[in-house]
Amino acid sequence: MYKVYLVGYMGSGKSAIGRRLSFALKLPYYDMDKEIEKQMNMSISEIFATYGEEYFRDLETKFLKEFRDEQCIISTGGGVAMREENRRIMKRTGLVFHLCASFPFIWVRIAKDKRRPIVQRSTKEELESLYYYRRKYYFQAAHINIKTDGMTLRQVTETLA
Ligand code: S3P
């Protein structure tokens, strides 16, 4: 049995879907950001502010390399699919789903976010360009792409399960 990885932009519903899928498939669920926060005993924003973004990116790769639980659902952070090495590890060790929502749907979910450092430091236009820049990497990372616009969390979970 594989790991199941959920990839996609911030606000694409990876954590909410991951929790539901874990319940539906009776597999443990891990949110990569939360696991990194636990290991570091710091929030993602604190890690960015103290050590910088590249350090956080290295922690993401370290997590993918070292995580041992074989049968589980993992929701990844929105930047994980950017590194070729990360894409390779995920493809080799699991089944990768890309939750693909268009930017207006994403924006509604992240506009008021106070937690994500990238949202905090960027304008709407910057977040939209980052979205288009990153899209190709999510497609490269994934075995299966699911267009989620207009779907409820339940409908997306049923499609994946
Ligand atoms: C990031 C997305 C966040 C988190 C960090 C950086 C990104 O995860 O890993 O704030 O670069 O897109 P979510 O996609 O779960 O918000």
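**Chat about the loop glycine and the ligand shell**

Author: Start with Gly78. In this predicted model, Gly78 sits in the loop between strand 3 (73-75) and helix 5 (84-93).

Reader: Is Gly78 buried or exposed?

Author: Buried. Gly78 has 23 other C-beta atoms within 10 Å, and the cut-off for buried is 20 or more.

Reader: What does Gly78 touch, leaving out residues up to four places away in sequence?

Author: Gly8, Tyr9 and Met10.

Reader: Which residues does the UniProt annotation "binding site" cover?

Author: The UniProt record, an unreviewed entry, puts "binding site" on Asp33, Arg57, Gly78 and Arg134.

Reader: Take Asp33. Where is it placed?

Author: In helix 2, which spans residues 32-40.

Reader: And why does Asp33 count as buried?

Author: Because 23 other C-beta atoms lie within 10 Å of Asp33. The threshold is 20 or more.

Reader: What does Asp33 touch, not counting residues up to four places away?

Author: Ile44 and Gly77.

Reader: Now the ligand. Which residues surround it?

Author: The shell holds Met10, Lys14, Ser15, Asp33, Ile44, Gly77, Gly78, Gly79, Arg116, Pro117 and Ile118. Helix 1 (14-25) and helix 7 (117-121) are the elements that give two or more residues to that shell.

Reader: How does the shell around the ligand split by class?

Author: Four nonpolar, four polar and three charged residues.

Reader: Step back to the whole chain. How many helices and strands?

Author: The protein chain has nine helices and five strands. From the N terminus on, the elements run β-α-β-α-α-α-β-α-β-α-α-α-β-α.

Reader: What is the radius of gyration of the protein chain?

Author: 15 Å, close to the 15 Å that the globule rule gives for 161 residues, so the chain is as compact as a globular protein of that length.

Reader: I need box dimensions. What do the C-alpha atoms fill?

Author: A box of roughly 40 × 35 × 25 Å, taken along the principal axes.

Reader: What share of the protein chain counts as buried?

Author: 32% of the 161 residues. Asp33 is one of the buried residues, and Gly78 is another.

Reader: Last one. Of contacts between residues at least 6 apart in sequence, what share joins residues at least 24 apart?

Author: In the protein chain, 79% of those contacts do.

Notes
Residues numbered from 1 in each chain as written. Predicted model: local features only at pLDDT ≥ 70, side-chain atom pairs only at ≥ 80, totals over all residues. Helix = DSSP H or I, 4+ residues; strand = E, 2+ residues; numbered from the N terminus. Rg over C-alpha atoms; globule rule 2.2 N^0.38 Å. Buried ≥ 20, exposed ≤ 12 C-beta atoms within 10 Å, placed from the backbone. Contact = placed C-beta atoms within 7 Å. UniProt positions renumbered as here; feature names shortened; annotations may be inferred. Near = placed C-beta within 6 Å. Nonpolar A, V, L, I, M, F, W, Y, C, P; charged D, E, K, R; others polar.
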